[in-house]
Amino acid sequence: MSSLSFLHRACLRVALLPLAPLRAPLCRSHLPRPLLRLPPRSAMSSAASRMSHIAAATASSAAGESNDPATASGLGQEDDDLSAALGYRLPPKEIQDIVDAPPLPVLSFSPSKDKILFLKRRALPPLSDLAKPEDKLAGVRIDGHSNTRSRMSSYTGIGIHKLMDDGTLGPEKLVYGYPEGAKINFVTWSHDGRTLSFSVRVEEEDNKISKLRVWVADVESGEAKPLFKSPDIYLNAIFDSFVWVDNSTLLVCTIPISRGAPPKKPLVPAGPKIQSNETKNVVQVRTFQDLLKDAYDADLFDYYATSQLMLASLDGTVKPMGPPAVYTSIDPSPDDKYLMLSSIHRPYSYIVPCGRFPKKVELWTADGKFIRELCDLPLAEDIPIATSSVRKGKRSIYWRPDKPSTLYWVETQDGGDAKVEVSPRDIVYMENAEPINGEQPEILHKLDLRYGGTSWCDESLALVYESWYKTRKTRTWVVAPDKKDVSPRILFDRSSEDVYSDPGSPMLRRTAMGTYVIAKVNKQDESTYLLLNGMGATPEGNVPFLDLFDINTGSKERIWESDKEKYFETVVALMSDKTDGDLPLDQLKILTSKESKTENTQYYLQIWPEKKQVQITNFPHPYPQLASLYKEMIWYQRKDGVQLTANLYLPPGYDQSKDGPLPCLVWSYPGEFKSKDAAGQVRGSPNEFSGIGATSPLLWLARGFAILSGPTIPIVGEGDVEANDSYVEQLVTSAEAAVEEVVRRGVVHPDKIAVGGHSYGAFMTANLLAHAPHLFCCGIARSGAYNRTLTPFGFQNEDRTLWEATSTYVEMSPFMSANKIKRPILLIHGEQDNNSGTLTMQSDRFFNALKGHGVQSRLVILPFESHGYSARESIMHCLWESDRWLQKYCVSGTSKADSEPASDGESKTLSASGGGAAVEDLTSDGFSSTPRSLLCRRRHLISGAVVATRNVFILSTAVKREKNHEIMYGK
């Protein structure tokens, strides 16, 4: 993994940033414990179900349902139409109890790290929340009534704890004064940590949510009050929301007071919808969702997305700033003197989301005076689909966190096209907010690969990152930003896939300006030391570490390392950064997490020089009924020599000698690699705690299944060979190796192995049932894409088009092999899937193909759900369907295929040129779904220290940083 990738992962491990709203998760989310990560915004449609055999939601999702396992699993129900007509169903009680466990709070540290917020969360939302009307515009799903992203989850309360000198927590003080039952979002600390800001919305009549109001709370007393005295000023949270300009002033995106009623859709259109390419431009785009369709949509988008910026002081003073516009980002300079405002404007597009619309970046003073325009980028419909291609012009414009008001950005030299060979490929520039005497931007560094971000320290030290996906090469450069006589030098040059060589990433400290820079450590000698925080990947699993690293000589001293035998520990955050300057090593204080296979994550302070360990939290086990489950990381080998790993779980109390082999559920997601050695490296730790989300396959431990979770399925393409050219062959051989290993161990019944996956894992599932019927008795595929001709301009990391690699697209599409599938397959899909490539139509058409060939199959469309499922009714029914399928076709083994001999071709591995790799889950608006109050940017290190653990989402302090408003599709 590259230093940059590790920096990104470090960003996701503890946040010292403002809090974001919780949002509807992907299927892996909704952990019944402190949050792992915030998922992308997703939203639901109010349209009725398209399928007559799917019943509408009942007033009570569980009315009249039995929890008897036989009844709940539907084993006695043979009539599919009758079964579907019964409405939403509940899974067995042992699964329900885990899913319904109350969630643990989200944590947020204050800027001075002397207080912690406990942000209360509710359980799964009801389907009625998803059923609210929404508008799908330019890749964004909008709740027009509240003027925010639709289906946005929330906090239910805020508790404040003091972190005592001995590391223990003081009693909880609740924030009070806001309306009872309010939904809370966008919680942020003021720079001095004395005030909290957050948004509030309340339930109204007719199942509607009010518009958002901004509130502030005194941290010492807990008393909250509205920021605006006027009841007519509401928050516009379509893009950015609000930001602290100084300790007493916020800049807020508000709904223009003069705005009237929404535009009305004309009954008769003014003319036909026309798109033209008579100029013969080459425009290739991925399969984006929720795009603008006509002029009315464009007007409606403007109506909801346009904000009036307001400077609001805690004393009640309010001042409008700038003209109304579709502001997407508001970013104060470190010295609070300037504001960088980003907005999008017309002409809009009907083929790309709003993240590619024309973009203007302006500089204003903090008191509302326009200074200059930094750039005005044109519409970007023509970003090439090749991985590592980017938008033309200035991008990644941010404030240097070590300077009062210095900007930096990057500009491509290859026209944004990754297929163009040029040197340099990217140039990083710096410039003062107000250049003096016409001075020109200064070049910080020239790069031959694609720019990946900058970590700043001071005038003599910054780390610049570059990488190239096709070769997996990644480099870290050491530069002296303000010392022209010091030449840049390479610090690390490695493969991003080689996790064993990952040196870790530098820890950051907070500055007096509230920004975050690389922490320097004083060891009472002349050397300059950094703290490198690494995951410590080894052939036996991850062993996280903290190294004292000499930036000049490259020498390292390991000053902390995780326990290897029983526990998995990680460094979460630096806690001894309350003053500027170098940090004395003997005064070092860090926050760490600690967990084991059976013990959930707790947090500790590690205090130097004695390395005294003080436990801070004592969270209860989220699902005690599975506390004694068995977990083992297993190693095995594919027939081509690639080393593979998986996590094998066995239910509590399992005794092989008494219970014999178990039915097994295999759940996975393929990944793409450039080398077999890298593909065989071990990722993860055998000692990590097992988080069980609301739709996790681990839920079936409670039903007596063995679970093979995340068996590695690497799709390798070495050298100039495309990985997808042998996708099916490598997919099948990886699955064969996994099945052979668990059967060899005697814990899994060879005839009772089911396979499942979500998104690209669903694509995998369908392909395995088509090409490896000898391995699995049935499959469960959720929210997948099955016909790659419907995504003709690339998918996953495949950047060849359908016309360039026709056989790849066809041979790896399970839709094309529907006639070869002989095992039962359950298809589940959200009716309003907004993920790029996985249109609900994919499951519709695949089911019709299966049904046309007499395949035992079932299609479940979940009304109002998106790519991941969030409503309790939907999730419970999804689990009921899955459990019914597993009981009927895995445990009981009633598949018709059992009595039908397979043809010679059905058990053979087919060679195909195709496949996918990394991540199919993309946001649809073209912007990162993470607003300024989320933890970190998608591509490179933010200017604020952020760390998150897998089990608890920890955030603290409003931080000025590189913001996550990069364009997802083309950066």
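**Enclosed elements and nonpolar cores in a predicted model**

Helix H6 (residues 295-305) is largely enclosed by the rest of the structure, because nine of its 11 residues are buried (buried means under 20% relative accessible area, exposed over 50%, and partly exposed in between, with a 1.4 Å probe and protein chains only). Helices (H or I, at least four residues) and strands (E, at least two) are DSSP runs, numbered from the N terminus. The structure is a predicted model, in which local features need pLDDT of at least 70 and side-chain atom pairs count only at pLDDT 80 or more, while totals for chains, interfaces and linings use all residues. Residues are numbered from 1 along each chain as its sequence is written, and side-chain values use heavy atoms, with hydrogens and water left out.

The buried residues of H6 are Tyr296, Asp297, Ala298, Leu300, Phe301, Asp302, Tyr303, Tyr304 and Ala305. Their cover includes strands E4 (135-137), E5 (140-143), E17, E18 (318-332) and E19 (338-344); contact means heavy atoms within 4.5 Å. At the start of H6, a side-chain oxygen of Asp294 comes to within 3.2 Å of the backbone nitrogen of Tyr296. A polar contact is a pair of N or O atoms within 3.5 Å; within protein, one must be able to donate a hydrogen and the other to accept it, and residues adjacent in sequence count only if both atoms are side-chain atoms.

Strand E17 (residues 307-313), part of the cover of H6, is joined by six bridges to strand E16, and the two run antiparallel. Two strands pair if DSSP finds at least two bridges between them. Within this pair, Leu251 stands opposite Leu311 in E17. Strand E15 (residues 242-246) is also antiparallel to E16, with four bridges, and Trp244 stands opposite Leu250. E15 and E16 form a hairpin with two residues between them. Strand E16 (residues 249-254) is largely enclosed, since six of its six residues are buried. In a regular strand the side chains alternate between the two faces of the sheet. In E16, Thr249, Leu251 and Cys253 point one way, and Leu250, Val252 and Thr254 the other.

A nonpolar core is a set of buried Ala, Val, Leu, Ile, Met, Phe, Trp, Tyr and Cys residues joined through side-chain atoms within 4.5 Å. The largest one has 62 residues, of which Leu708, Tyr727, Leu768, Phe776, Leu827 and Phe846 touch the most other members. Helix H9 (residues 727-744) supplies the largest share of this core, nine residues. Beyond its neighbours within four places in sequence, Leu827 has contacts that include Ala781, Tyr786, Phe846, Phe847 and Leu850. Another core, of 37 residues, lies apart from the largest one and has Val99, Ala694, Ile828 and Ile875 among its members.

Gln643, in strand E43 (residues 643-650), is partly exposed, with a relative accessible area of 28%. The side chain of Gln643 reaches the backbone oxygen of Tyr636 at 3.4 Å. The C-alpha atoms of Gln643 and Val682, 39 residues apart along the chain, are separated by 8.5 Å.

Overall, the protein contains 13 helices and 53 strands, and buried residues make up 64% of its 971 residues. The mean pLDDT (the predictor's confidence in each residue, from 0 to 100) is 85, and 83% of the residues reach 70 or more. Over residues 1-79 the pLDDT is below 50, and over residues 898-953 the pLDDT stays under 50.
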